[in-house]
Amino acid sequence: QLSCLVEMVILHGIPNDLDSYPEDLLLFLSPSDYAATGSCRQYFARIGKANLPLLLRESSQRKQLLVEALVCLKIPDTQINMENAEILGHLVCDLGGEYIRSSGGNLLKQLSQCESFLPDQEEAIRSVISSGNTTFGPPVAWSAFTLDELSGLIPVLGHNILQKIPK
C-alpha cells in the first residue's frame with residue numbers, strides 16, 4: 001500500500017513538502033528522490049524513525065538503504081559515533097557484529113529498539129556490554145534506569161551478564 005501511495009505522491013514530480021509525509025512512506029523513496037527537498041542526512045534521520053520492519057530484513061531495498069546511509073554519513077569503516085547512531089536510528093538493527101564491536105556502546109540505545117538479532121549481533125552486544133566500556137558502565141553498576149534504557153537487549157544478555165546486575 002505504501003509503495004502505491006509513493007507512486008501517487010510522486011506522479012507529478014517530487015513534492016517540496018516531503019517532510020510533512022509519514023516516515024514510513026520515505027522507505028519507498030530513494031535518497032536521490034528526497035535530495036530535491038533536503039539533505040541525505042535529513043532523509044536518513046527520518047528513515048531511522050520509520051517502521052523498518054515494513055521491509056523484509058533480507059530485502060535488497062532494506063540492504064540498499066543501509067549502504068546508502070553509511071555513504072551519506074561518510075562512515076568509512078565499522079566505527080559509528082553517537083551522532084551518526086542517532087541519525088541511523090532503526091537502521092542500526094541491520095549492522096553486523098563488527099560494527100557493534102567497533103562502535104563500543106554508541107549503538108546500544110538504538111539496538112535496544114530492534115525486534116530481533118542475528119547470532120553475530122547478539123555475540124557482539126554481549127561482548128560490548130561485558131567490557132563495561134559504555135556510557136552505562138559495567139553491569140554491576142547498573143540501575144533500574146539502565147535496565148529500562150536497555151530493556152530491548154535483556155533477552156540477548158545471557159546468564160553471565162544478568163547475574164552481575166544488582167537486584
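Analyst: A disulfide here is a pair of cysteine sulfur atoms within 2.5 Å. The model is a predicted one.

User: Which handedness does the disulfide of Cys-40 and Cys-72 have?

Analyst: The sulfur atoms of Cys-40 and Cys-72 are 2.0 Å apart, and the cut-off for a disulfide is 2.5 Å. The torsion about their S-S bond is about 90°, so this disulfide is right-handed.

User: Which helices hold Cys-40 and Cys-72, and how many residues apart are they?

Analyst: The disulfide joins Cys-40 to Cys-72, and the pair links distant parts of the chain. Cys-40 is in helix 4 and Cys-72 in helix 5, and their separation is 32 residues.

User: Is Cys-40 buried or partly exposed?

Analyst: Buried means under 20% relative accessible area, and exposed means over 50%. Cys-40 has a relative accessible area of 31%, which makes Cys-40 partly exposed.

User: How many disulfides does the structure hold?

Analyst: Another joins Cys-93 to Cys-114, with an S to S distance of 2.0 Å. With the bonded cysteines numbered in sequence order, the pairing reads 1-2, 3-4. The number of disulfides is 2.

User: What is the handedness of the disulfide between Cys-93 and Cys-114?

Analyst: A disulfide joins Cys-93 to Cys-114. The torsion about the S-S bond of this pair is about -95°, so the disulfide is left-handed.

User: How many residues apart in sequence are the parts tied together by Cys-93 and Cys-114?

Analyst: Cys-93 is buried at a relative accessible area of 6%, and Cys-114 is buried at 8%. Cys-93 lies in the loop between helix 6 and helix 7, and Cys-114 in the loop between helix 8 and helix 9. The pair therefore ties together parts whose separation in sequence is 21 residues.

User: What is the secondary structure of the chain, in helices and strands?

Analyst: Read along the sequence, the pattern is α-α-α-α-α-α-α-α-α-α-α-α. The secondary structure comes to 12 helices and 0 strands.

User: Which residues is Leu-111 in contact with, leaving aside its neighbours within four places in sequence?

Analyst: Contact means heavy atoms within 4.5 Å. Beyond those neighbours, the residues in contact with Leu-111 are Val-92, Cys-93, Ile-100, Phe-117, Ile-125 and Leu-153.

User: What is the geometry of the pair formed by the rings of Tyr-43 and Phe-44?

Analyst: A search of the whole structure finds 1 aromatic pair. The ring centres of Tyr-43 and Phe-44 are 4.8 Å apart and their planes are at 75°, so the pair is edge-to-face.

User: What percentage of the residues of the chain count as buried?

Analyst: Tyr-43 and Phe-44 are both buried, which takes a relative accessible area under 20%. Of the 167 residues of the chain, the buried share is 42%.

Note on methods:
Residues numbered from 1 in each chain as written. Predicted model: local features only at pLDDT ≥ 70, side-chain atom pairs only at ≥ 80, totals over all residues. Heavy atoms only, no water. Helix = DSSP H or I, 4+ residues; strand = E, 2+ residues; numbered from the N terminus. Buried < 20%, exposed > 50% of the residue type's maximum accessible area, 1.4 Å probe, protein only. Phe/Tyr/Trp six-rings, centres within 6.5 Å; stacked < 30°, edge-to-face > 60°.
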